[in-house]
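Trainee: Could you take me through one part of this model in close detail? I'd like to look at a pair of helices that cross, and then at what surrounds them.

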Amino acid sequence: MASIWRYILAGLGLAALLVGIVAVVYLTLPHSASGPDRSRSKKTANGLFVASFEPERGVIRQGELQSWLLTLKTAAGAPVEGAAITVSGGMPQHNHGLPTSPQATDYLGEGRYRIDGVKFTMSGWWQLHFGISAAAGSDSVVFNVVL
Amino acid sequence: MSRLTSVACLLALAALVLLGGCGEPQFSDAEKKTIASLALNTLPSLKPDTTNQYADVPAAAALGSTLFFDAGMSRDGTVSCSTCHKIDRQFQDDLPQAVGIGHTNRRTMPLAGVARNPWFFWDGRRDSLWAQALTPLENPLEQAGNRAAFAHYIKKRFGERYERIFGRLPDLSTVPANASPLGSDAEKAVWNAMPASQQDDVNRVYANIGKAIAAFERSIEPEQTRFDRFAIDLATGARPEGNAAFSPEEILGLKLFIGKANCVTCHNGPRFTDNAFHNTGVPPVDGLPPDRGRVDAVAQVEADPFNCLGKFRDGDESACRELRFMVKDGPQIMRAYKTPSLRAAADRAPYMHAGQFATLDEVVAHYSKAPPSVEGVSEVHPLDLSDRERAALVAFLKTLSD
């Protein structure tokens, strides 16, 4: 009789141990960072330009108006000058637009344009769409920013 | 048999330890990071307001405080800023809609941390604290005065104090007793007949009234709460003691707030607000005039001569980026209202921009159900929270008051 109880207890103990190990593995496993493409440099939709998009001061600060730099090069690597740039965007998962209306405010040379008035008011997946018109033609590009 | 008993006792003890462990706050690293970002100790020090060179001048704040509580700052001498912004009630009035000289259509906002806002009023129709302070002074439903009368009143009652801060008062001897571009038809006619230089003189005194009141209001800041003590203990790994310890219900509420219920999406940062405007499907109030929120406020702030781009701003235009880059159109601003801070909200029912909900339970029930907006599109989606979950959220919100 006692031996049956011993087996049951041993079984319970082993099960508890297993649950513990699984829990530890689950809690410490790095969560894979899937989601939208977060690259800061890419070809525009029709391949006319190579665009890169970086915060001017290097860091993204949630809730603050910030300026970013949009750098435009031709496929051959020459800086794109005199581009007309439109900015729009929003949060695809929240079905709302940007909380501000960012604009291209300055041309800084070497294909670099200051995009001022960017503000991310909440964490999550943001999208910025740029319409670009220059001598080479018109194209567009979308950057994903995940906070 | 005794061996069996002792093993059972050991097992029971192990189970108790495990269960006891579950009763402790257990948060993931991501949750801990979010909780830390909400704590008051992450609130940065108040930035200077370059548009108001008197913002941090003590004499200006002192005069502003006098004016804030002075019922003489109204048409009939009965209403001051403090009539609705009651000092012992978090600078609000507990009413669904504010009552000054008349009955307004909006809930009085509390003032803790107000100087940190990029936009003022529920719809953001002003872009600085000093421009905001001027608006109720001339609103016929609030203080119902007019700027010419205010200029005369300042000269008569506070002339010396005013001049010590702002320099010489202009010659007001030929300024009419009552005149304003926003007043009654008669006051408007008188205003329009005034020479531009005289209008400028009056506007300058008027702007300085706002700047003094704003200097006073900058001192009104949020206070540390049970939540902040809990959050600091969590961040430092200390065991929360006394009332800094959260009940299981409060912990559940906090987890929902930063998780499944998505509250923290908009109510983020140490003030629990993203300072932005959202349509969350809050219903209109029967009997009040049509209210489209941010849609109408955009034109109002652009037309305001006291806005950041106007000539009464101190400092340079670089301070005006919020106005310069504001969203002016699009469906998202229809019936959009500012995310209010949730600090101390549990002690100031009723809720929403026109006091639509009498209790926090009603507020949480609204967000759980997420009805569509009567106009425009609500950004919130149904959560279908259980009774227990809704009660837990309310329990958590109360920790922002104690």
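Predicted model: local features only at pLDDT ≥ 70, side-chain atom pairs only at ≥ 80, totals over all residues.

Mentor: Residues are numbered from 1 along each chain as its sequence is written, while chains are lettered from A and ligands numbered from 1 in the order in which they are written.

Helices here are DSSP runs (H or I, at least four residues), numbered from the N terminus. H5 covers residues 129–138 of chain B and H8 covers residues 196–217 of chain B; their axes come within 7 Å and cross at roughly 115°. The axes are lines fitted to C-alpha atoms over the stretch in contact, with angles from 0 to 180 degrees between N-to-C directions. H5(B) is therefore roughly perpendicular to H8(B), a label that takes in angles of 65 to 115 degrees (under 35 is roughly parallel, over 145 roughly antiparallel, the rest oblique).

Now for who touches whom, a contact being two C-beta atoms, placed from the backbone, within 7 Å. H5(B) brings B:Leu129, B:Trp130, B:Ala131, B:Ala133 and B:Leu134. On the H8(B) side you'll find B:Tyr206, B:Ala207, B:Ile209, B:Gly210, B:Lys211, B:Ile213, B:Ala214 and B:Glu217. By class, that contact has 10 nonpolar, 1 polar and 2 charged residues. Nonpolar means Ala, Val, Leu, Ile, Met, Phe, Trp, Tyr, Cys and Pro, charged means Asp, Glu, Lys and Arg, and the others, Gly among them, are polar.

Zooming out, chain B splits into domain 1 (24–43 + 223–293 + 334–398) and domain 2 (58–217), with bounds from an automatic or database domain assignment. Their C-alpha centres lie 32 Å apart, and each domain puts 20 residues into the contact. Domain 1's side of it divides into 9 nonpolar, 5 polar and 6 charged residues.

Chain B also touches chain A, with 19 residues from chain B and 17 from chain A. H1 (2–23) and H12 (321–324) of chain B each supply at least two residues of chain B's side, and H12(B) gives the most, with 3.
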